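Student: I'd like to go through this structure with you and ask where some of the terms come from.
Tutor: Gladly, let's bring it up.

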Amino acid sequence: MEQRSQGESALGGAAYGMLFVLGLVMGVVGGFTQAWQVGPVPVAAIGWLAALFGVCLGAGKLMRSRLGASVTAIGWLLVSMPFSFQLAQGDLVISGGPAGYVYLYGGMAAVVVAILKSPSSGGSWLLRGQAPGNST
């Protein structure tokens, strides 16, 4: 097993931490903007599904592990799920309409597919340098 220095471990931890924060930010912004519709079509929710899938898949591929996609998805879920609960005062961010359902259930499906399509192992591109066979 390859030993990593403290600097490499800190860099990897910082990268995963930033992916988590990116998921949190996507959840906050997406939760407040997902309700925009053109007629009966929830355009903003569908756009957020594509963005969420792309960011989670990109995180998984860049970190070369499913953990990269999972950390981003967990950040998004930790914000999006409480936004769907109605408080005692009646406040609600993600409503129970078509846009809310597309955003929540479609988002959960998007992150699951992104995690499954991410590489299962191989280490991070941040910690490995160049990929094998790409010597110049």
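Student: At what angle do the axes of helix 2 and helix 3 cross, and how do you know that the two come together?
Tutor: Bear in mind that this is a predicted model. The fitted axes of helix 2 (residues 43–63) and helix 3 (residues 66–83) come within 6 Å of each other, with a crossing angle of roughly 145°.

Student: Which residues in helix 2 and helix 3 meet?
Tutor: From helix 2 come Leu52, Val55, Cys56, Ala59, Gly60 and Met63, and from helix 3 come Gly68, Ala69, Thr72, Ala73 and Trp76. Contact here requires heavy atoms within 4.5 Å. By class, the residues of this contact are eight nonpolar, three polar and no charged.

Student: What makes a set of residues the largest nonpolar core here?
Tutor: Its members are buried nonpolar residues joined through side-chain atoms within 4.5 Å, and the largest such set has 15 residues. Leu52, Cys56, Trp76, Ile94, Tyr103 and Val111 have the most contacts inside this core. Helix 2, helix 3 and helix 4 (98–117) each give two or more residues to it, and helix 3 gives the most, with five.

Student: Which residues is tyrosine 103 in contact with, leaving aside its neighbours within four places in sequence?
Tutor: Tyrosine 103 touches Met26, Gly27, Gly30, Gly31, Gln34, Ala45, Trp48, Leu49, Trp76, Ser80 and Ile94.

Student: Which residues in helix 4 are buried?
Tutor: Ala99, Gly100, Tyr103, Leu104, Gly107, Ala110, Val111 and Ala114 are; the cut-off for the word is under 20% relative accessible area. These buried residues pack against helix 1 (6–33), helix 2 and helix 3.

Student: How do you know that the length of helix 4 agrees with its 20 residues?
Tutor: At 1.5 Å a residue, helix 4 should span 28 Å, and its end C-alpha atoms are 27 Å apart, so the two values agree.

Student: What pattern does the protein follow along the sequence?
Tutor: The pattern is α-α-α-α-α, in keeping with five helices and zero strands.

Note on methods. Residues numbered from 1 in each chain as written. Predicted model: local features only at pLDDT ≥ 70, side-chain atom pairs only at ≥ 80, totals over all residues. Heavy atoms only, no water. Helix = DSSP H or I, 4+ residues; strand = E, 2+ residues; numbered from the N terminus. Axes fitted to C-alpha atoms, helices over the stretch in contact; angles between N-to-C directions. Nonpolar A, V, L, I, M, F, W, Y, C, P; charged D, E, K, R; others polar. Buried < 20%, exposed > 50% of the residue type's maximum accessible area, 1.4 Å probe, protein only. Expected span 1.5 Å × (residues − 1).
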